[in-house]
Amino acid sequence: MFEPNMLLAAMNNADSNNHNYNHEDNNNEGFLRDDEFDSANTKSGSENQEGGSGNDQDPLHPNKKKRYHRHTQLQIQEMEAFFKECPHPDDKQRKQLSRELGLEPLQVKFWFQNKRTQMKNHHERHENSHLRAENDKLRNDNLRYREALANASCPNCGGPTAIGEMSFDEHQLRLENARLREEIDRISAIAAKYVGKPVSNYPLMSPPPLPPRPLELGMGNLGGEAYGNNPTDLLKSITTPTEADKPVIIDLAVAAMEELMRMAQVDDSLWKSLVFDDEEYARTFPRGIGPRPAGFRSEASRETAVVIMNHVNIVEILMDVNQWSTIFAGMVSRAMTLAVLSTGVAGNFNGALQVMTAEFQVPSPLVPTRETYFARYCKQQGDGSWAVVDISLDSLQPNPPARCWRRASGCLIQEMPNGYSKVTWVEHVEVDDRGVHSLYKHMVSTGHAFGAKRWVAILDRQCERLASVMATNISSGEVGVITNQEGRRSMLKLAERMVISFCAGVSASTAHTWTTLSGTGAEDVRVMTRKSVDDPGRPPGIVLSAATSFWIPVPPKRVFDFLRDENSRNEWDILSNGGVVQEMAHIANGRDTGNCVSLLRSANSSQSNMLILQESCTDPTASFVIYAPVDIVAMNIVLNGGDPDYVALLPSGFAILPDGNANGGGDGGSLLTVAFQILVDSVPTAKLSLGSVATVNNLIACTVERIKASMSCETA
């Protein structure tokens, strides 16, 4: 380090004397004593020389030095002030200053030289002091770090770690690894209490036999209930998990994930000729949720497809209950997250664990819904793929109400090029389907209603729909194509809400109760009333819903094409008064030309201010034609990108399902459900009249007869 020498120290003392001089003798003021001369000359060079530099000598007295004197206080003050303004005065300035102060120009020059040297030394001394302090601090820190590293130990093995063995980043990674290891050990300690115990040791109860569903009800039971406000709702009886349940849930979820991965990747030994082998399953997976309850049957299926969606987006949809129930609206009538036991790590859903309830449906009042209480667990696999598994938790309920237990069910999602994903779906349930109507028995028992093929087909179809929502390269050459991006999104969002409302309103959900009006056959018309209050998406008042399901010996594809075509609409639509129906605009949203959202107008309609919003969609497992009258002013707002949530809708339409008897040639009949929703009174507290019920009954009966007549003519 730099050390100031004695000359600089002496100059500093001289500067101090210049400003703090104690005048002992007024007569000698401003002059330097002889004994001070040598010191002053050493300290400040020629600062106080009267006539020349400090090296000049008197020629008459060569050994005698000239007398020097101090500048007066006034002279010093004036030069100090000038120095602040101009540290380097030129010759003209020095001469002017010397005249004003009564000094020689050379004296002024030497004073400024010495002053500049003094200031430079002062700054260097200050900088040296600062650097010395910084050096001491760094030396102390270095010693402290060396001591800490010398005593460091490896988080993995506990052994000593030599200095310089690992980088700072590696050190941080090891600390993070140690933290995660502690978290795993903590969870493992909880789960270890239950690992190895057969799950049958947990409280396991078979649900009591279900009483027959009261389809034949008196007209007095048609008093309108509010939407989703049925006291007999089974899902409302399910409670959230307790703290004691959580370790059991963790253990079940981990075991279910292992089971799902093996079932999704196992060879055909478990799936003999694509039929699930119960005996092989019992040998392969001895653990699980316990033995099959009395009266239940096993239903298992597996399906694989490549869909046009990024694997990360699929995982996000499955782990978000709102997105999941929206995308799979044809299967999921209701869903709710009761508890989130883990949100995952590293900013994604890896390790996320949720407790949920859901109600699975078939779009017909003849098939009871499947209510289930389950845990959903998401995990990223070692090869980068993702898996999402469901496992039933009904055994944890004191009185399990469900008639459907989900064994390890879910999907394996693998990333593919160009934003595609390969999805392998597994559905494995124990179910009591004794309440299913005979018309749908075969379809349900063969897995066409709730199986893996149905889930994958819906996902594939919805991925196409979402891709159309995001599309920007819309061709404007075709007449009626909506090209406005915001208008397309608003109209598709409105159509999506219409489809969700139709599917939820036509099923046999425990959230509402159907009443049979007439007849004893399969084509009995079932009705229910609901009150619509303070819902901007529905018109206020009493809404009467009517539905019927029947079989028709026509392939689903032909039935779908007939019902969606505006040119044949007057053959079955009584409300069109036999007039021509024109398509005003449309949005294609899938590979199949039948996947489309349309805006229709009836030429003979008595309401000139109304249009018809229609969505037709089809996949190998189901097809829908759903429509609703909409106000023309409201639709103009939607087509300009306005909010579609405030457009009132009462959707009606058709659900077309294969009867399960189709062979490789594409033969087989269709199971067709026809449903209407009609506002019978705009006052929510009004009483339902028998005349309104009779009108709706006649409307749906006439529609069914017209469809049968038209389709029989085509098959003849």
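**Ground rules.** I am working with a predicted model, where local features need pLDDT of at least 70 and side-chain atom pairs count only at pLDDT 80 or more, while totals for chains, interfaces and linings use all residues. Residues are numbered from 1 along each chain as its sequence is written, and side-chain values use heavy atoms, with hydrogens and water left out.

**Histidine 586, continued.** I checked its cover: histidine 586 is buried, with a relative accessible area of 10%. For my notes, buried means under 20% relative accessible area, exposed over 50%, and partly exposed in between, with a 1.4 Å probe and protein chains only. Its side chain makes a polar contact of 3.3 Å with the side chain of glutamate 583. A polar contact is a pair of N or O atoms within 3.5 Å; within protein, one must be able to donate a hydrogen and the other to accept it, and residues adjacent in sequence count only if both atoms are side-chain atoms.

**Threonine 621.** I moved on to the loop between β17 (610–619) and β18 (622–631), where threonine 621 sits. Threonine 621 is buried at 6% relative accessibility. Its side chain has a polar contact with the side chain of arginine 454 at 3.0 Å, and another joins it to the side chain of aspartate 619 at 2.6 Å. Leaving aside neighbours within four places in sequence, I listed Lys453, Arg454, Ala457, Leu657 and Pro658 as its contacts, meaning heavy atoms within 4.5 Å.

**Cysteines.** How many disulfides are there? The count is zero, taking a disulfide as a pair of cysteine sulfur atoms within 2.5 Å. For cysteine 411, the nearest cysteine sulfur belongs to cysteine 378, 8.8 Å away. Cysteine 617 is in no disulfide either, and the nearest cysteine sulfur, on cysteine 503, is 7.6 Å away. Cysteine 411 is buried at 1% relative accessible area, and cysteine 617 is buried at 12%.

**Salt bridges.** My search of the whole structure gave 25 salt bridges, each a side-chain nitrogen of Lys or Arg within 4 Å of a carboxyl oxygen of Asp or Glu. I picked out a few:

- Aspartate 141 and arginine 144 meet at 2.8 Å, N to O. Both lie in helix α5 (residues 105–150), three residues apart, about one turn of the helix. An α-helix has 3.6 residues a turn, so residues three or four places apart point the same way. Aspartate 141 is buried at 15%, whereas arginine 144 is partly exposed at 45%.
- Arginine 297 pairs with aspartate 433, with the closest N and O atoms 2.5 Å apart. This pair links distant parts of the chain, 136 residues apart: arginine 297 in strand β4, and aspartate 433 in the loop between β11 and α11 (438–445). I also noted a network of salt bridges linking Arg297, Glu299, Arg370 and Asp433.
- Arginine 334 and glutamate 359 meet at 3.1 Å, N to O. They sit 25 residues apart, in strand β5 (residues 332–342) and strand β6 (residues 353–360) respectively. Glutamate 359 is buried at 0%, while arginine 334 is partly exposed at 24%.

How values were computed
Helix = DSSP H or I, 4+ residues; strand = E, 2+ residues; numbered from the N terminus.
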